[in-house]
Amino acid sequence: MVNTKKALVLSSGGLDSSTALAMAADQGFAIYSLSFDYGQRHACEIRAAEKVARAAGAKRHLVTRVDLKPIGGSALTDDIAVPKARSESLMARAIPVTYVPARNTIFLSYALAWAEVLGAWDIFIGVNAVDYSGYPDCRPEYILAFETMANLATKSAVEGKGHYRIHTPLIDMTKAQIILAGTALGVDYRMTHSCYDPSPQGLACGGCDSCILRRNGFADAGVPDPTAYAPG
């Protein structure tokens with residue numbers, strides 16, 4: 001049976017977005033995957049996103065460049081140290097320096113533009129409000145506000161051709177629940193990359209917030225962690 005519904009999925013190559021992509025495919029959508037080279041510390045996640053899209057049978061995987069490095073203001077785009085060895089309670093105290101200013105707003109805007117061209121009314125993003133990242137652009141109220149804006153700001157929606165929906169299937173899930181859901185859908189997490197500060201060889205540092213949340217998630221889910229960590 002040929003898929004007639006199109007979904008645009010924001011894919012970072014990480015654990016969450018790869019699970020969201022698998023969920024969209026499981027719902028019968030034809031997948032169009034969108035990733036960004038935005039001046040982040042490494043290209044590991046871009047390569048991972050390409051592998052995930054290919055394995056999922058995406059109709060197309062687009063990597064577009066949006067250079068946020070000159071703007072800076074984040075440990076992922078600027079000369080700011082990535083926090084290491086923090087407890088989850090410490091992570092929860094404040095928005096971390098790994099927050100990239102307005103990143104999801106920029107990414108969703110690009111996704112909306114491509115969705116309008118494709119005639120896709122469904123956009124999936126793997127944001128999560130339960131883990132301890134604390135990013136303001138991962139909250140349900142932000143997603144609702146963007147969806148409202150999308151239907152006010154596009155020719156297709158204003159002309160009544162359809163209604164844009166921003167899907168956030170992971171938003172209320174713990175990391176362990178996300179891993180279990182993805183595992184049930186056949187996601188190969190060996191292909192994914194989550195580390196904020198990988199080695200030159202692309203190995204996960206094991207100590208950044210993202211690595212800790214990922215490692216604890218696999219442990220809580222009772223699923224072997226396939227992540228390749230740097231020694232030490």
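Predicted model: local features only at pLDDT ≥ 70, side-chain atom pairs only at ≥ 80, totals over all residues.

Student: What makes β3 and β5 the edge strands?
Tutor: The open sheet has 5 strands in the order β3-β2-β1-β4-β5, with parallel pairing. Strands β3 (60-65) and β5 (165-167) each pair on one side only, and that places them at the edges. Neighbouring strands of the sheet are turned by 25 degrees against each other on average, direction ignored.

Student: How do you know that β1 and β4 count as a pair?
Tutor: Two strands pair if at least two bridges are found between them. Strand β1 (residues 6-10) and strand β4 (residues 122-124) have 3 bridges, in the parallel sense, so they meet the cut-off of at least two. As an instance, V9 has F124 in β4 as its bridge partner.

Student: Why is the contact of K175 and D16 called a salt bridge?
Tutor: The label requires a side-chain nitrogen of Lys or Arg within 4 Å of a carboxyl oxygen of Asp or Glu. For K175 and D16 the N to O distance is 3.0 Å, so the pair is within 4 Å and qualifies. K175 sits in helix α7 (residues 175-184) and D16 in helix α1, 159 residues apart, so to speak a link between distant parts of the chain. The structure holds 10 salt bridges.

Student: Which residues and elements line the largest cavity?
Tutor: Its lining has 38 residues, and S12, D16, R103, G126 and Y196 lie nearest the centre. Helices α1, α2, α4 (103-118) and α8, along with strand β2, each supply at least two lining residues. The most comes from α8, with 4 residues. By class, the lining of the largest cavity divides into 14 nonpolar, 15 polar and 9 charged.

Student: What makes the space of about 310 Å³ a pocket?
Tutor: A pocket is an open set of points with protein on both sides within 12 Å along at least five of seven lines. The largest pocket, listed under that label, has a volume of about 310 Å³. Among its 20 lining residues, R190, M191, T192, H193 and G202 are the closest to its centre. Both α2 (44-55) and α8 (209-221) supply at least two residues of this lining, and the largest share, 4 residues, is from α2. The lining of the largest pocket has 10 nonpolar, 6 polar and 4 charged residues.

Student: What is the volume of the second largest pocket, and which residues are closest to its centre?
Tutor: The volume of the second largest pocket is about 190 Å³. It is lined by 13 residues, with A22, A55, A56, G186 and V187 closest to the centre. The largest share of this lining, 4 residues, comes from α1. Its classes are 9 nonpolar, 3 polar and 1 charged.

Key. Residues numbered from 1 in each chain as written. Heavy atoms only, no water. 1 Å grid on protein atoms, 1.4 Å probe; cavity = no way out; pocket = protein on both sides within 12 Å on 5 of 7 lines; lining within 4 Å. Points joined across faces, edges and corners; volume = space filled by probe spheres on them. Nonpolar A, V, L, I, M, F, W, Y, C, P; charged D, E, K, R; others polar. Axes fitted to C-alpha atoms, helices over the stretch in contact; angles between N-to-C directions.
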